[in-house]
Amino acid sequence: MSGLLAGKRLLVTGVITDQSIAFSTAKLAQEQGATVVLTGFGRMSLVERIAKRLPEPPPVIELDVQNTDQLAGLAGKVREHVDGLDGVVHSIAFAPQSALGGGFLDAGWEDVSTALHVSTYSYKALAMAALPLMSRGGSVVGLTFDAQFAWPVYDWMGVAKAGLESASRYLALHLGKQGIRSNLVSAGPLRTMAAKSIPGFDQFEDEWVRKAPLGWDLGDQEAAAKAVLALLSDWFPATTGEIVHVDGGFHAVGA
Ligand SMILES: NC(=O)c1ccc[n+]([C@@H]2O[C@H](COP(=O)([O-])OP(=O)(O)OC[C@H]3O[C@@H](n4cnc5c(N)ncnc54)[C@H](O)[C@@H]3O)[C@@H](O)[C@H]2O)c1
């Protein structure tokens, strides 16, 4: 098959609805010739139902990134479907309500630690779980929301994203010798389940649409997904530890 990702074997995490950035990523990746294996969290029958909407319904493996047994068993389960991996997509984030929506000053460590475990540490944990399958090198790509600034209501998720951006650079440092790249796509606000669960996230929306030089479509997950695909492809062979903004140019302009 031809296409940007012809012959690539990809593990894509983070599909929960057909609005998920991971869903658009998996769909476009298949259209570009990749073989995709999904992981799903929690509501497995829902993930499996959504997976059937992809052009080629892929296998779905259960993975809670907080579950060390599932992480340890991941490579073996993936190997039942593909003989190795060329790329891994981390499209996972979660923070308890107390850590979001203006709760920054009051959130306790237990809730904050959950946010950091699921949204930050899991990037490294997922990459290491997949490492035995990437003997020929590969590309790990994650999703961030610009952590240079303190945003209203994003609170500890913003701190988790700052950590993710740093973790991606350290992964680039530690896995570069094995030919593994680590890069992030910094997406503007998109109306997914994760975004809708942040009280007041809609505050970003109007400003983003108005201020972004290219404008911004809150329902277009494909723009971010296309950048993920590009970073998974052979067309960024010397790029690692990078953050590519897919935000209509919002990050580049002042008020
Ligand atoms: N939507 C936005 O505005 C936006 C902007 C920039 C970056 N992002 C990032 O994009 C990524 C994907 O989010 P989305 O917006 O597509 O929302 P989404 O709700 O569709 O996806 C979030 C995913 O995280 C998964 N998840 C949560 N806890 C998990 C766990 N313990 N183990 C494994 N998976 C778990 C959920 O099952 C879900 O599939 C996240 O990292 C998010 O922070 C989103």
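Residues are numbered from 1 along each chain as its sequence is written, and side-chain values use heavy atoms, with hydrogens and water left out. Because the model is predicted, local features need pLDDT of at least 70 and side-chain atom pairs count only at pLDDT 80 or more, while totals for chains, interfaces and linings use all residues.

**Ligand site**

The shell around the ligand holds 27 residues, of which Gly14, Ser20, Lys161, Leu190 and Thr192 come nearest; a residue is near if one of its heavy atoms lies within 4 Å of the molecule. By class, 19 of the shell residues are nonpolar, 6 polar and 2 charged. In this scheme Ala, Val, Leu, Ile, Met, Phe, Trp, Tyr, Cys and Pro count as nonpolar, Asp, Glu, Lys and Arg as charged, and the others, Gly among them, as polar. β5 (138–144) and α6 (193–196) each supply at least two shell residues, and the largest share, 3 residues, comes from α6. Helices (H or I, at least four residues) and strands (E, at least two) are DSSP runs numbered from the N terminus.

| Protein side | Ligand atom | Distance |
|---|---|---|
| Ser20, side-chain N or O | oxygen | 2.6 Å |
| Asp64, polar side-chain atom | nitrogen | 2.9 Å |
| Ala194, backbone N or O | oxygen | 2.9 Å |

Taken alone, the ligand exposes 820 Å², and the protein buries 94% of that (Shrake-Rupley areas, 1.4 Å probe).

**Largest pocket**

The ligand sits in the largest pocket, meaning that more than half of its atoms lie within 2 Å of the pocket's grid points. A pocket is an open set of points on a 1 Å grid over the protein atoms alone, with protein on both sides within 12 Å along at least five of seven lines; a cavity is a set where a 1.4 Å probe fits but cannot get out, and lining residues have an atom within 4 Å of a point. The largest pocket contains about 1,100 Å³ of space, and of its 41 lining residues, Ser91, Ile92, Ala93, Phe94 and Ala194 are closest to its centre. Volumes are the space filled by probe spheres set on the points, which are joined across faces, edges and corners. α6 gives the most to this lining, with 3 residues. The lining has 25 nonpolar, 13 polar and 3 charged residues.

**Largest cavity**

The whole structure has 1 cavity of 30 Å³ or more. The largest cavity holds about 40 Å³, and its lining includes Phe145, Asp146, Trp151, Trp208 and His245.

Notes. Polar contact = N/O pair within 3.5 Å; in protein donor to acceptor, adjacent residues only side chain to side chain.
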